[in-house]
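This report examines selected strands and their partners in the structure shown below. Please have the sequence at hand while reading.

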Amino acid sequence: MAAAGLDIRGVPISGRREREQTAGILAPRTCRGHHKKCTHAANLHREKALKAVQFAGYGGPEVLKVVDIEEPHARAGQIRIAVRAAGVNAFDWKIRSGALAAVMPIDFPAGVGMDASGVVDEVGDGVEGVAVGDAVFGTAATGATAQYAVLAEWAKKPESLSFEEAAGYPMSTETACRALNLPPLEPGQTLLVNGAAGGVGLAAVQFALAGGATVIGTASEGNHEYLRSLGAIPTTYGPGLVGRVRELAPHGVDVAFDAVGSGILPELIELTGSAGKVITIADSRAAEYGVRFTGGQGPGHAPEARAEAAALFEQGKFRLPVAETFSLENVAAAQAKSEQGHVLGKYIVTVN
Ligand SMILES: NC(=O)c1ccc[n+]([C@@H]2O[C@H](COP(=O)([O-])OP(=O)(O)OC[C@H]3O[C@@H](n4cnc5c(N)ncnc54)[C@H](OP(=O)(O)O)[C@@H]3O)[C@@H](O)[C@H]2O)c1
């Protein structure tokens with residue numbers, strides 16, 4: 001389910017504050033005068049302080065603090081959830097460190113995190129198909145790493161999917177789905193995923209396998225068995241990749257997806273035979289090679305990916321394993337681990 005016109009990753013919205021708030025990187029601002037319009041749980045009509053992780057300036061993980069903030073509220077097209085778990089993404093520490101300051105400046109204090117799961121407790125104007133009490137997961141319009149978060153996009157959480165695992169789905173699934181739509185991958189074709197054991201990589205592997213593709217994925221040796229268990233063909237990254245992949249795919253690679261940005265676009269072009277068959281989400285030199293880079297604000301936004309992942313989970317065809325959980329007070333440690341760049345699945349922050 002997506003809130004039309006409020007999407008953080010491609011649908012135009014007006015005003016810098018709203019753009020940034022929708023990207024989950026601003027301190028939540030109370031939605032004035034909305035109370036008559038929202039469907040609140042009866043006991044939530046009064047304003048209250050709640051705990052959220054914020055940072056007041058760029059820096060290392062130590063700038064992250066648990067603070068009391070005013071509760072955020074769902075605007076038109078949004079829902080609010082009592083957060084049960086929040087996902088950790090590389091995007092979070094790139095924002096926190098200031099690495100994205102030139103392209104995505106933020107106001108301080110800023111909230112943390114894009115991905116959350118929880119139970120709906122407010123439904124904004126114009127929202128259909130979801131009600132107070134529903135369990136959902138989705139992309140936050142306010143910082144996700146908090147006791148309450150406002151979501152701009154969401155999907156229903158299957159009952160058998162844990163809140164912790166669901167919290168890892170939103171960004172990884174949307175990004176993987178968006179990347180796999182450009183260039184298109186047909187059933188029976190061979191996909192190479194660079195960084196197959198990370199959040200986005202694992203989502204791409206499983207979407208492509210479910211779509212009938214053969215998938216070769218690069219990962220460090222320790223993650224090969226897991227990739228094999230999904231049905232992918234693992235290989236190590238690093239020198240000699242072209243030769244290793246050619247042995248595994250004697251008929252060639254149809255599409256290559258770089259989910260790491262480790263500087264291997266020339267090898268991926270060599271393997272596919274064309275820059276047009278390579279897509280990256282993380283290599284800033286893409287344009288130099290004529291390779292398409294897809295970013296969160298770009299075309300091809302795929303909010304449907306979350307519901308698709310939920311449906312595949314129910315069919316036993318999709319998992320993003322929870323590598324480790326952290327408390328709200330330990331978000332700094334979660335981001336520090338994410339920054340090391342070798343997670344299998346997702347780091348998750350548990351809330352409440
Ligand atoms: N453009 C967008 O829309 C968009 C959206 C989301 C994320 N991103 C970016 O995409 C990247 C991946 O995100 P993520 O959430 O999937 O990260 P992640 O969950 O932290 O995964 C990182 C993965 O990279 C692998 N890896 C590390 N060094 C590698 C190398 N030299 N070659 C190949 N694989 C290597 C690791 O595998 P091993 O453990 O097996 O070494 C690990 O599984 C980040 O840079 C993130 O900022 C971009």
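The model is a predicted one, in which local features need pLDDT of at least 70, side-chain atom pairs count only at pLDDT 80 or more, and totals for chains, interfaces and linings use all residues. Residues are numbered from 1 along each chain as its sequence is written.

Helices (H or I, at least four residues) and strands (E, at least two) are DSSP runs, numbered from the N terminus. Two strands are said to pair if DSSP finds at least two bridges between them. Strand β4 covers residues 79-87 and is mostly covered, with eight of its nine residues buried. The term buried requires 20 or more other C-beta atoms within 10 Å of the residue's own, exposed means 12 or fewer, and partly exposed lies in between; C-beta atoms are placed from the backbone.

| Partner of β4 | Residues of partner | Sense | Bridges |
|---|---|---|---|
| β6 | residues 115-123 | antiparallel | eight bridges |
| β8 | residues 148-156 | antiparallel | four bridges |
| β16 | residues 346-350 | antiparallel | three bridges |

Particular residues illustrate these contacts. Glycine 87 has aspartate 115 as its bridge partner in β6, and isoleucine 79 stands opposite leucine 151 in β8.

Strand β10 (residues 214-218) is mostly covered, and five of its five residues are buried. Thr214, Ile216 and Thr218 point one way from the strand, while Val215 and Gly217 point the other way; all are buried.

Strand β9 (residues 190-194) pairs with β10 in the parallel sense over five bridges, and leucine 192 stands opposite isoleucine 216. β10 also pairs with strand β11 (residues 233-235), in the parallel sense over three bridges. There, proline 234 of β11 is the bridge partner of glycine 217.

β9, helix α5 (residues 199-210) and β10 make a right-handed β-α-β unit. Another right-handed β-α-β unit is made by β10, helix α6 (residues 224-230) and β11. Right-handed here means that, with the strands pointing away from the viewer, the path from the first strand over the helix to the second runs clockwise.

**Glycine 238**

Glycine 238 is placed in the loop between β11 and α7 (241-248). Glycine 238 counts as exposed because it has 11 C-beta neighbours inside 10 Å. The C-alpha atoms of glycine 238 and serine 262 are separated by 9.3 Å, although the two residues are 24 residues apart along the chain.
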